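Here is a short briefing on one structure.

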Amino acid sequence: MPKGYVGKLLWVDLASRKISTTVLDEGTAQGYLGGSGLGAKLISDRLKTIKDPLHPSNPLCFMPGLLCGTMVPGANRTAVCALSPATGAWGEARAGGAWAPMLKYAGYDGVIFTGKAKKPVYVWIENDHVEIRPAEKLWGKGFYETDERLLEETHRDAIVGGIGPAGEKLSRMACVMFEGKYARSAGRTGMGAVMGSKNLKAVVVRGTGGVPVADPVGLMKRASAYGGKEKQRFKRNFELGTAGGVMGVEAVGDMPIHNFMGGRWTEKAERISGQTMFKKYGKHERSCLSCPSNCTLVVDIPGTAVGHAPEYETIGAFGSMCENDSLEVIGKCNELCNDYGLDTISAGNTIAFAMEAFEKGLLTEADLGGIRLTWGNGEAMIALLHKIGRREGIGDILAEGTRPAAERLGKDFGDMVVEVKGVEIPMHDPRAYWSNALNYAVANRGACHMEGVTFTVESGLPFPDLGYTAPMDPYITDGKAQLAVKMHDLMVIYDGLGICKFYIVVSYGPTIMAEWLNYCTGWKVTPDGLMRTAERIFNVKRLINVARGLSRKDDTLPKRLLTVPQRDDIGPVDPQGMERMLTEYYRIRGWDEKGSPTRERLKALQLA
Ligand code: SF4
């Protein structure tokens, strides 16, 4: 095996309790890198045998990015991959922290769970020692307590990845959580429900080995250089992490408000901004492993445990989306989501959806179990979140996410749903940046800003590596398809190598990615060659979606974003413009009019 890998995949069949390893071959490694690239290959190879996302036949892959465990700055991402219960198709969710490097230190490039345990279990991995242990006593417990008890039971240096009650109860918005109250969340596409469907409460890892690299001296020099200018630039562009961006994002109309019905939120945005939060409740900053950026805020918000501050997405989802300007309520919702193991984006969207239904009289206090769900009512939000986490009363329906909930509640609810492919839209309003509208429509895991992060380039973040040096007009379609294709492929590289996507603020493009890769593996990959690999991986994920029945009809935006303005000066996304961008995107990709990769393109990508 090339350096950079540790050479083995770990397989744990929860039904038969068989534990085995396989050797990762170099051809597969070069073709799919690691992280969700390798995860896509593993799922694609088994696709015909998977009956349903929540059936034991759906393999659940925990995949460290290729560069995790090395000293490459920002290389620490775990990708959790499977077919998604939210989309019915490709699913992946990623988290930072230290779990991925730890798995590589234990000697594995990935661990794949198959089958379903008869009773709740957790898996303890300590180097060569892999053990399936009972977890009945933890079933029903929140993630914070689970983390604490498993560290006590295994080793204080171990890292826990696991689920809360939401995953156990198969909520389609359940995530996989890491690192207790310092909460790193693999949030999107319901991977926590897949874990729950296997009766798998947690995966606890401790490794004491290392990761060999091909050119340790070169890597050390390059990584040390990062500690200088790039680190300063990172700090300047990303002060207080994502929460530091609340006011700026609101100012340009990128912050969704009132369940995407729009408006302005200038003063309120300041009240819930990272700046206000850090001033009132800040303790210190924190970093993931192998990252000098310290972008994570640790806060002590009254009524919550000291821990990971709400990120921008959480602030938007439980703030402007629900018309709530209380930092304390946002902090509590953040903590509850982390403990129940709920994706904050989807949970906040779902509460906003229910608030709108309440306002319109479609849901009553009686329907909601006595909750008076008016806009901005913090107590009501917290009460409803408990119901969703426990699947009690109306919470049982809402835990499915907005689209399935609307389907069950009736046709009047349909227009209030704001999602793509079953995944609720994040806190970057696509009416503000049309490249993001296209990104949401066509991204492989449904509506997700992190699949493309196109709005950063569109708004002027220079990316000379990809040919972008100036802002683009956000309300025209020209050039947006090309931008989305390039950024989708670039993000596949980030996901395959396990690099944190916040490194986009220092314009990490294919050139530096290829450099890191070559230092670690000894390969001689060019930036273009790496983008080609990314294109192949992107198409493999698309092929999974096509095989699961998705096509052009699913590559669209919800009605609200195509018909309702965001505010006076920002209109809806032009539906004809959307169609034009989509057609152009398909053309560049070499897909047919339905959105399926053509045979010629698959041949060119060595996929046919
Ligand atoms: S930039 Fe922030 S989230 Fe990303 S690796 Fe560094 S500390 Fe973690």
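With 608 residues, a compact globule would have a radius of gyration near 25 Å, and the 22 Å of the protein chain agrees with that. The radius is taken over C-alpha atoms, and the globule rule is 2.2 Å times the number of residues to the power 0.38. This is a predicted model: local features need pLDDT of at least 70, side-chain atom pairs count only at pLDDT 80 or more, and totals for chains, interfaces and linings use all residues. Residues are numbered from 1 along each chain as its sequence is written, and side-chain values use heavy atoms, with hydrogens and water left out.

**Overall fold**
- The C-alpha atoms fill a box of roughly 60 × 55 × 50 Å along the principal axes.
- Buried residues (under 20% relative accessible area, 1.4 Å probe, protein chains only) make up 64% of the 608 residues.

**Ligand site**
- Asn76, Arg77, Arg184, Phe234, Ser287, Cys288, Cys291, Cys295, Cys500 and Phe502 surround the ligand.
- Domain 1 (8-206) and domain 2 (241-424) both give residues to this shell, so the ligand lies between them. The domain bounds come from an automatic or database domain assignment.

**Lysine 501**
- Lysine 501 sits in the loop between α20 (480-497) and α21 (510-521). Helices are DSSP runs (H or I, at least four residues), numbered from the N terminus.
- Lysine 501 is buried, at 6% relative accessible area.
- Leaving aside neighbours within four places in sequence, lysine 501 is in contact (heavy atoms within 4.5 Å) with Arg94, Met450, Glu451, Met491, Tyr494 and Asp495.

Terms used:
Near = heavy atom within 4 Å. Helix = DSSP H or I, 4+ residues; strand = E, 2+ residues; numbered from the N terminus. Buried < 20%, exposed > 50% of the residue type's maximum accessible area, 1.4 Å probe, protein only.
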